[in-house]
Amino acid sequence: MQWIAEKLRSSPVVLNNAGEDAAADADAAAVATALNRRVLGLYGEFLSDDGNAVDYRGMADSDMFAEFCEAVGSLRTLDATTLDVPARTAFFVNLYNMLEIHARIEAKRVGGSAGAQHKYKLRAAYDVGGHVLTLSDIEHGVLRANRRPPYSPVTRFGSGDKRLALSLSECDPRLHFALVCGAKGCPPVRIFNAKNLDRALDTAAVWFCNDSGNVRVDELSMRVHLSHIFRWYSGDFGTRTLDAKNLPTLRFIHARLKDTTDAEKQTKAALGAMIESGLVTVEWIPYDWTVNEKPQSDDINTAADEPPIAQIGPE
């Protein structure tokens, strides 16, 4: 577990020290909405139509991104504790996804080996209302209600940590299909808001569970092949560590399988029968850590640029 200790010792690199603070009396929801508009503009210009690839280099060189980097300074005086649960959830999901992109761009600018860039990305953070938050802090400390990250013996926020005030009270497993770690094995990038949050999380979960790259049901062999996301976060889906059959996780998936076509109905019925009988074996689909970067004519090899830590588990 040496890499855990190394990660815990690493000092964050705050990416939003530049730019102007929001006005002292600025409404947190209004600031978040203004940033969302900028993010939507960036996504519209530099994201593939299906949300699965990002033109990192095009974004990095754009005036739009430079303006975003100035605007994100407004987070330094934003009090996210004033946001209600749907608004706070949507805000931090969007913030995580944008920090992931921002951190990858800055890591490439810093340069060095792929491993060095990855370590830089893990340290990248935003200052939100005086609270410094890395990607792991946002995912595990805030959105997962301060549950332990996979393979970590400790939570992100210890007792007495002022950032606990930002944490959600419950962990919604659907959030795993909204967060994008920058790899092709992740869900597509989306934007969320408080009004559409529940419906959008349902849509993201349904999409993920019906994609054959994430869930495959083999009726003849009584096997179900699942994305490692369901393994790393099995507890979030109600599965205990020693439950090899992962029945709570399979029930979560079954409830979200489509049943419009005959093939979909057969797949859903087959999984339902396996769950009912308990005669099911779960196997794990190798995770695709290839960077979700739009290919370009002069592209360098962006495949598998994560160091061995990424092959063990998520950030």
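Predicted model: local features only at pLDDT ≥ 70, side-chain atom pairs only at ≥ 80, totals over all residues.
Which residue in E2 is the bridge partner of Val13? That partner is Ala124, and we'll get back to its strand below. Residues are numbered from 1 along each chain as its sequence is written, and side-chain values use heavy atoms, with hydrogens and water left out.

**The chain at a glance**

- The secondary structure comes to 12 helices and six strands; helices (H or I, at least four residues) and strands (E, at least two) are DSSP runs, numbered from the N terminus.
- Out of 315 residues, 51% count as buried, where buried means under 20% relative accessible area, exposed over 50%, and partly exposed in between (1.4 Å probe, protein chains only).
- Take the contacts (heavy atoms within 4.5 Å) between residues at least 6 apart in sequence: 71% of them join residues at least 24 apart.

**Strand E2 and its partners**

- Strand E1 (residues 13–14) pairs with E2 in the parallel sense over two bridges; for two strands to pair, DSSP has to find at least two bridges between them.
- On the antiparallel side of things, E2 and strand E3 (residues 131–134) pair over four bridges, and one of the links goes from Val128 to His131 in E3.
- E2 and E3 make a hairpin with two residues between them, and Gly129 in the turn has a positive phi of about 60 degrees.
- Five of the five residues of E2 are buried.

- Strand E5 (residues 223–227) runs parallel to E6, and five bridges join them. Val224 has Val282 as its bridge partner in E6.

**Nonpolar cores**

- In soluble globular proteins, nonpolar side chains tend to be buried together.
- A nonpolar core is a set of buried Ala, Val, Leu, Ile, Met, Phe, Trp, Tyr and Cys residues joined through side-chain atoms within 4.5 Å. The largest one has 57 residues, and Met59, Phe68, Phe91, Phe92, Met98 and Tyr126 touch the most other members.
- Among the elements that each supply at least two residues of this core are helix H2 (28–46), helix H3 (56–60), helix H4 (63–71) and strand E2 (124–128).
- Helix H5 (85–110) is on that list too, and H5 gives the most to this core, with 13 residues.
- A second, separate core has 25 residues, including Leu226, Leu271, Met274 and Val280.

**Aromatic rings and charges**

- There are 11 aromatic pairs in the structure. Rings of Phe, Tyr and Trp (its six-membered ring) pair if their centres lie within 6.5 Å; planes under 30 degrees apart count as stacked, over 60 as edge-to-face and the rest as tilted.
- The Phe91 and Phe92 pair is edge-to-face, because the ring centres are 4.9 Å apart and the planes are at 75 degrees. Both Phe91 and Phe92 are buried.
- One aromatic cluster is formed by Phe177, Trp207, Phe208, Phe230, Phe237 and Phe252.
- Phe252 has a charge over its ring as well: the charged end of Arg256 sits 3.7 Å from the ring centre. A charge sits over a ring if NZ of Lys or CZ of Arg is within 6 Å of the ring centre and within 35 degrees of the ring normal.
- The ring of Tyr56 has the charged end of Arg104 over it, 5.8 Å from its centre.

**Two asparagines with positive phi**

- Asn146 is not a glycine, yet its phi is positive, at about 60 degrees. You'll find Asn146 in the loop between helix H7 (135–143) and helix H8 (197–209).
- Is Asn146 buried or exposed? Asn146 counts as buried because its relative accessibility is 13%.
- Asn246 has a positive phi too, of about 55 degrees, although it is not a glycine. Asn246 is in the loop between helix H9 (228–232) and helix H10 (247–254), and it is buried, with a relative accessible area of 6%.
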